[in-house]
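Please find below my notes on the model you sent for comment. I have set them out as numbered points, which can be read alongside the coordinates.

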Amino acid sequence: MVRFSFSANKEILFGCGKTESLPQLLKEFRGRALFITGRSVRENPLWKALELGLTKEGIPSDFETIMGEPSPDVIDSLCEKYKKAPPAVIVALGGGSVLDAGKAVSAMLKETGSVMDFLEGIGTKIPSGEKIPFIALPSTAGTGSECTKNAVISKPGPTGFKKSLRHDNYIPDLALVDPEWLESLPPGLAVSCGMDAFSQLLESYISTEASPMSDALAEEGLLEFLDAFPSLLEGKPGKDEFSSIALGASLSGLTLTNAGLGTVHGIAGILGGMNNIPHGVACGLLLPPVMDKTFEALIKQDENHPALEKAAGLGQFLSGNMEMTTGESIGVLMEELENWASLASLPGLRKFGFTEEQLIEAAGKSGNKNNPYTFSQEERLAILKSVY
């Protein structure tokens with residue numbers, strides 16, 4: 001048995017209609033609540049119902065809107081605004097970028113200086129881990145940020161980056177996951193987010209740092225996705241499918257926090273720092289070629305590799321045939337991933353302004369994280385060219 005540790009939220013509330021419980025929960029903090037949201041969230045009927053609940057319970061609240069991925073300037077500006085009179089609790093309601101912004105503001109209101117000073121690979125200061133109490137309510141199912149201990153801060157451009165503000169204490173105190181928010185998402189956005197969540201589940205499942213605990217959660221999330229995601233791709237999701245996808249995304253946050261990710265995210269993060277490519281699109285493009293090469297290489301190295309056994313189990317689930325060989329089962333899984341990418345109609349990297357020179361740069365800057373197969377720089381470049 002391997003040795004491992006496992007980090008998670010203090011509490012996770014999951015289920016359709018759980019948003020209604022938020023005003024009552026906020027009464028416990030006996031002070032002002034700061035809501036950080038995305039713009040589209042406030043156009044959702046669920047938001048109108050939440051506002052009525054806040055008024056009914058007498059919850060004093062401030063509201064801020066985040067547009068796009070949070071930059072250092074955005075975080076610093078919000079912290080400057082609320083530094084003298086901090087809220088009693090912060091609630092982030094939106095997609096992964098909004099949740100990351102809320103997470104960062106919650107942390108930086110307890111620190112001195114810019115968030116840049118604390119970013120991994122950029123700053124020189126170590127976060128204290130102190131924070132304002134933080135509640136995450138995702139309106140999408142993608143990053144799993146409601147269950148992670150890092151906030152991704154971005155600055156796209158020639159000298160751009162995507163870096164994390166990270167500490168074990170930054171896992172949201174409460175993750176309130178209500179699948180009803182997913183029902184109003186534009187189909188393209190829902191698919192893009194889903195590709196991110198699935199890639200997180202699969203990468204953490206076959207990670208070199210996987211543990212029995214992370215495996216159990218990743219496997220459950222993967223099976224939920226394999227069962228429900230085709231309906232989303234075909235434009236026919238129902239409440240059950242949305243619930244499965246929301247659960248899978250939250251589980252992906254827990255598993256990536258504890259097992260780490262692989263080459264898909266090792267490359268996708270670099271691409272996001274270079275140009276404005278949606279993270280889910282980058283993951284969706286990279287997932288089939290990275291996994292295909294990973295499994296092909298592992299079969300040559302060791303047919304009994306744990307990652308192959310796990311992938312084969314997923315293929316057997318898809319086919320319903322438990323007698324298939326490892327190679328045959330992995331072939332079924334890869335066929336499904338390639339079918340997903342085809343149905344999603346994801347545009348290539350060229351559509352987002354990448355040049356061939358940038359592909360070379362991305363190949364050099366990217367890494368493999370905890371992937372069970374170590375890609376060379378030349379192999380990463382070949383993958384980038386294949387999705388150009």
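Predicted model: local features only at pLDDT ≥ 70, side-chain atom pairs only at ≥ 80, totals over all residues.

1. Residues are numbered from 1 along each chain as its sequence is written, and side-chain values use heavy atoms, with hydrogens and water left out.

2. On the overall fold: the protein chain has 13 helices and 8 strands, where helices (H or I, at least four residues) and strands (E, at least two) are DSSP runs numbered from the N terminus. Its radius of gyration is 20 Å, close to the 21 Å that the globule rule gives for 388 residues, so the chain is as compact as a globular protein of that length; the radius is taken over C-alpha atoms, and the rule is 2.2 Å times the number of residues to the power 0.38. Along the principal axes, the C-alpha atoms fill a box of roughly 60 × 45 × 45 Å.

3. Of the contacts with a separation of 6 or more, 78% are between residues 24 or more positions apart, a contact being heavy atoms within 4.5 Å.

4. Grid points are joined across faces, edges and corners, and a volume is the space filled by probe spheres set on the points. The largest cavity has a volume of about 50 Å³, and its lining divides into 8 nonpolar, no polar and no charged residues, Leu182, Cys193 and Phe242 among them. Helices α5 (187-205) and α7 (239-259) each supply at least two residues of this lining. In these classes, Ala, Val, Leu, Ile, Met, Phe, Trp, Tyr, Cys and Pro count as nonpolar, Asp, Glu, Lys and Arg as charged, and the others, Gly among them, as polar.

5. On the second largest cavity: its volume is about 40 Å³, and by class its lining has 7 nonpolar, 2 polar and 2 charged residues. The lining includes Glu146, Asp178, Thr140 and Ser250, and the largest share, 3 residues, comes from α7.

6. A polar atom of its side chain lies 2.9 Å from the backbone nitrogen of serine 211. Leucine 226, also found in α6, is buried at a relative accessible area of 4%, and, with residues up to four places away in sequence left out, touches Phe198, Leu314, Phe317, Leu318 and Trp340.

7. On two further buried residues: serine 243 lies in α7 and counts as buried at 18% relative accessibility. Leucine 99, in helix α4 (residues 96-108), is buried at 1% relative accessibility. Leucine 99 is 52 residues from alanine 151 in sequence, and their C-alpha atoms are 7.9 Å apart in space.

8. On backbone angles worth a look: most residues other than glycine have a negative phi. Serine 345 has a positive phi near 50° and is found in the loop between α11 (326-344) and α12 (356-365), where it counts as exposed at 58% relative accessibility. Lysine 369 likewise has a positive phi, of about 50°; it is found in the loop between α12 and α13 (377-386) and counts as exposed at 55% relative accessibility.

Notes
Polar contact = N/O pair within 3.5 Å; in protein donor to acceptor, adjacent residues only side chain to side chain. 1 Å grid on protein atoms, 1.4 Å probe; cavity = no way out; pocket = protein on both sides within 12 Å on 5 of 7 lines; lining within 4 Å. Buried < 20%, exposed > 50% of the residue type's maximum accessible area, 1.4 Å probe, protein only.
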